[in-house]
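Please look through the sequence and the 3D structure below before reading on. The report that follows moves from the whole chain to a few of its parts.

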Amino acid sequence: MRRLAAIVPDVAVENQAALFALGDPSEEPEFINAVCHAADCGLLLDLHNAFTTCRNFGASLDEWIAAIDLTRVVDSPAPEIGWQPMQV
């Protein structure tokens with residue numbers, strides 16, 4: 001990532017929509033934060049992907065977003081998903 005950042009200054013990773021989990025899906029924000037910190041890169045926070053992951057695993061989208069280091073977010077594409085606080 002650092003080599004790429006030398007060529008393209010705004011490098012970011014994107015959160016993905018999880019269809020299955022190999023670990024605890026609620027730990028994904030912690031993992032994303034660690035990757036962004038270690039690579040010193042930004043985050044393309046895809047809210048639809050976050051919504052889908054939380055919906056698939058019965059997690060709280062509000063808690064998921066609260067756990068993300070928002071200082072790393074460089075963009076956040078948000079299609080019309082009718083977002084509202086989830087009630088699980």
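Predicted model: local features only at pLDDT ≥ 70, side-chain atom pairs only at ≥ 80, totals over all residues.

A residue is called buried when its relative accessible area is under 20%, and exposed when that value is over 50%.

## The chain as a whole

The protein chain has four helices and three strands, and from the N terminus on these elements follow one another in the order α-β-α-β-α-α-β. Of the 88 residues in the protein chain, 28% are buried, while the chain exposes about 6000 Å², with carbon and sulfur atoms supplying 55% of that area.

When contacts between residues at least 6 apart in sequence are considered, 79% of them join residues that are at least 24 apart.

## Helix α3 and its ends

Helix α3 covers residues 47-57, and within this helix Asn-49, Ala-50, Phe-51, Thr-52, Thr-53 and Cys-54 are buried. The elements that cover the buried residues of α3 include β1 (12-14), α2 (28-39) and α4 (61-67).

Just after the helix comes Gly-58, which takes a positive phi of about 65 degrees.

## A buried asparagine

Asn-15 is located in the loop between β1 and α2. Why does Asn-15 count as buried? Its relative accessibility is 1%, and because the cut-off for buried is under 20%, Asn-15 belongs in that class.

Leaving aside residues up to four places away in sequence, Asn-15 touches several others, including Ile-32, Leu-43, Asn-49, Ala-50 and Trp-64.

## Nonpolar residues at the surface and inside

Is Ile-7 buried or exposed? Ile-7, which lies in helix α1 (residues 2-7), has a relative accessible area of 68% and is therefore exposed. Together with Leu-4 and Val-8, Ile-7 forms a nonpolar patch on the surface, and the three residues have about 290 Å² of accessible area together.

Val-11, by contrast, is found in the loop between α1 and β1, and with a relative accessible area of 11% Val-11 is buried.

Definitions and conventions. Residues numbered from 1 in each chain as written. Heavy atoms only, no water. Helix = DSSP H or I, 4+ residues; strand = E, 2+ residues; numbered from the N terminus. Buried < 20%, exposed > 50% of the residue type's maximum accessible area, 1.4 Å probe, protein only. Contact = heavy atoms within 4.5 Å. Areas by Shrake-Rupley, 256 points an atom, 1.4 Å probe, with all protein chains shown as cover. Patch = residues over 30% accessible without salt bridge, like charges linked within 9 Å, V, L, I, M, F, W, Y side chains within 5 Å. Salt bridge = Lys/Arg side-chain N within 4 Å of Asp/Glu carboxyl O.
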